[in-house]
Amino acid sequence: MTGSLSDRFHEATDRAATGGPDRHHEKLKTQGKMFVRDRVDLLCDPGSFIEDGLLANALEEGFGADAVVTGRGTVDGRPVIVIANDPTVKAGSWGRLTVEKMIRALEAAYDEMLPVFFLVDSGGARITDQVDLFPGRRGAGKIFYNQVRLSGRVPQICCLFGPSAAGGAYIPSFCDVVVMVEGRASMYLGSPRMAQMVIGEETTLEEMGGARMHCEVSGCGDALVQSDEEAITWAQQYFSYVADHYQVLPPAYASEPPAEGYLPADTLPDDPKAVYDMLDFLRGVVDEGSIFQIKELYAAEVITAFALLDGKPVGIVASQPNHLGGVLFVDSADKAARFMWLCDAMNLPLLYFADVPGFMVGTEVERAGIIRSGAKMLTAIAESTVPRISVIVRKAYGAGLYAFSGPGFDPIATLALPTAEIAVMGPEAAVNAVYFNQIEALPEEEREVFIQEKRDEYIEDVDLLRLSAEIVVDAVIQPEELRRELIARLRYAARKDRSFSERRHGVPPV
């Protein structure tokens with residue numbers, strides 16, 4: 001070796017920071033992707049990123065930083081850990097030192113209670129190095145072990161820009177949220193070529209593990225975006241709602257009034273059976289422009305979103321009547337359960353807005369395990385120790401009432417609008433269930449009158465005033481007063497006890 005030690009360090013540092021060969025940088029450009037260090041610079045506040053392990057594998061040619069950039073920076077002034085694959089170096093694949101750098105970063109995140117941003121674009125493990133990186137105590141499995149330890153302790157946010165293959169696909173799956181770039185991001189355990197070889201299935205990468213499929217069908221993706229820049233912006237927005245770690249509250253902001261033109265009373269149709277967009281109702285309650293949906297494209301019959309209420313972040317679980325009538329399915333129950341676990345971990349109070357006919361029935365959903373998924377949703381509600389408020393907007397039938405944190409699930413309050421209906425089932429279904437044989441025995445011309453009489457009796461039995469008198473609901477609130485009521489009740493509940501049960505953990509129906 002020639003040259004001074006200082007010169008050699010400068011040369012090695014420049015080579016490592018440059019990443020892989022020019023042809024791989026050109027490939028990034030043709031794919032519309034950003035270089036890894038540009039991604040990190042866009043994510044972090046200017047000048048804040050401090051890198052660890054830049055010279056990993058520097059004695060080997062073409063292994064700049066061993067294909068992963070790790071270090072600390074700030075996002076909106078808040079310290080974070082960043083783990084970012086460099087696809088210009090060996091397709092972003094993992095070697096022994098790649099894995100070691102990632103493990104060290106996650107261990108630091110645990111010790112220092114720092115949120116973690118994963119910027120993923122990796123071909124997975126280097127098969128030629130499998131003995132060095134795969135099976136040992138400091139092998140790739142330790143990455144996942146540490147992610148599980150971090151779950152619920154600090155936020156874990158994944159931007160998926162390219163592939164996340166085989167075992168590497170578990171990194172996104174252990175994160176709180178995954179934002180995927182359409183047409184470029186993918187995650188899969190086995191490639192289309194492997195599927196063809198092993199099970200004879202002919203498919204494409206997009207069909208098997210593409211971004212749109214995961215955001216619409218599997219639910220593994222939480223947001224679908226069109227570019228690297230949009231993915232990073234989405235991740236930054238998400239981060240603005242959640243706490244730095246489980247021991248502190250999320251950041252608070254200046255209070256904003258609701259959006260103009262979205263009065264809650266005006267968004268509810270006069271016809272109780274007519275559909276409407278629950279998002280319009282919510283826009284009249286929360287701070288203007290603050291609704292931030294999670295899994296917007298997946299199981300759209302239930303809305304899961306962050307929002308600001310008087311400048312403070314909250315989590316929202318709401319029926320969406322204009323999609324499948326707001327009926328709960330397997331996917332919607334799973335979606336809601338995971339969102340509630342997330343909010344409870346990151347100290348966001350939960351607001352529920354119910355207009356739900358209940359859970360779907362039929363052989364298809366029973367075979368898909370709707371009982372198990374419904375129980376999972378109820379488990380997530382019961383275990384949530386953040387303040388919860390249930391708002392019955394219109395109907396809350398059957399277990400749908402429970403699924404929106406009804407009175408039996410110990411919310412700090414159950415509020416009802418004057419349009420609310422709470423019952424085991426709707427009047428039509430109830431009359432048919434109880435009086436079917438009598439109806440069938442009546443002459444045709446007498447049936448309609450009989451049915452109407454029984455419907456009226458049923459409606460009187462579950463009259464909202466009666467439910468209020470029996471303190472099933474804590475208050476009946478006019479729509480225009482709902483925002484003020486929610487703000488006040490959450491303010492009073494700020495010191496709520498967060499204990500639930502003395503145990504190690506439950507056995508959830510997952």
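Tutor: Rings of Phe, Tyr and Trp (for Trp, the six-membered ring) are taken as a pair if their centres lie within 6.5 Å; planes under 30 degrees apart are called stacked, those over 60 edge-to-face, and the rest tilted. The model is a predicted one, and by that criterion it holds 12 aromatic pairs.

Take Phe 281 and Phe 353 to begin with. Their ring centres are 6.2 Å apart and the planes stand at 70 degrees, so this pair is edge-to-face. Phe 281 belongs to helix 13 (residues 278–283) and Phe 353 to strand 12 (residues 350–356), so the contact ties together parts that are 72 residues apart in sequence. Phe 281 has a relative accessible area of 0% and is therefore buried. Phe 353 is likewise at 0% relative accessibility and counts as buried.

Tyr 402 and Phe 409 give another geometry: with centres 5.9 Å apart and planes at 40 degrees, the pair is tilted. Here the two residues fall into separate accessibility classes. Tyr 402, at 41% relative accessibility, counts as partly exposed, whereas Phe 409, with a relative accessible area of 18%, is buried. The limit that matters for Phe 409 is 20%, because buried means under that value.

Ring pairs also join into a cluster, made up of Trp 234, Tyr 238, Tyr 241, Phe 292, Phe 306 and Phe 339.

Arg 39 lies over the face of Phe 161, 4.0 Å from the ring centre. Arg 149 is placed over the face of Tyr 110, at 3.7 Å from the ring centre.

Now the helices. Two packed helices are described by the angle between their axes and the distance between the axes.

Helix 18 (residues 427–441) and helix 19 (residues 444–461) make a second case. Their axes come within 10 Å and cross at roughly 135 degrees. Helix 18 and helix 19 are therefore oblique to each other. Angles over 145 degrees would count as roughly antiparallel. Helix 18 passes helix 19 in a right-handed crossing.

Some individual residues complete the picture. Leu 486 lies in helix 21 (residues 482–492) and is buried, with a relative accessible area of 0%. The C-alpha atoms of Leu 486 and Asp 310 are separated by 9.7 Å, although the two residues are 176 residues apart along the chain. Lys 142, found in helix 6 (residues 141–150), has a relative accessible area of 26% and is partly exposed. For Lys 142 and Asp 7, which are 135 residues apart along the chain, the C-alpha separation is 36 Å.

Two alanines deserve a check of the backbone. Ala 67 has a positive phi of about 70 degrees although it is not a glycine. Ala 67 is found in the loop between strand 1 (50–52) and strand 2 (68–75), and at 0% relative accessibility it counts as buried. Ala 91 also has a positive phi, of about 60 degrees, without being a glycine. The loop that holds Ala 91 runs between strand 3 (78–85) and helix 4 (96–112). At 44% relative accessibility, Ala 91 counts as partly exposed.

Methods
Residues are numbered from 1 along each chain as its sequence is written. This is a predicted model: local features need pLDDT of at least 70, side-chain atom pairs count only at pLDDT 80 or more; totals for chains, interfaces and linings use all residues. Side-chain values use heavy atoms; hydrogens and water are left out. Helices (H or I, at least four residues) and strands (E, at least two) are DSSP runs, numbered from the N terminus. Buried means under 20% relative accessible area, exposed over 50%, partly exposed in between (1.4 Å probe, protein chains only). A charge sits over a ring if NZ of Lys or CZ of Arg is within 6 Å of the ring centre and within 35 degrees of the ring normal. Axes are lines fitted to C-alpha atoms, for helices over the stretch in contact, and angles run from 0 to 180 degrees between N-to-C directions. Angles under 35 degrees count as roughly parallel, over 145 as roughly antiparallel, 65 to 115 as roughly perpendicular and the rest as oblique. A crossing is left-handed if the near helix is turned anticlockwise from the far one by less than a right angle, and right-handed if clockwise.
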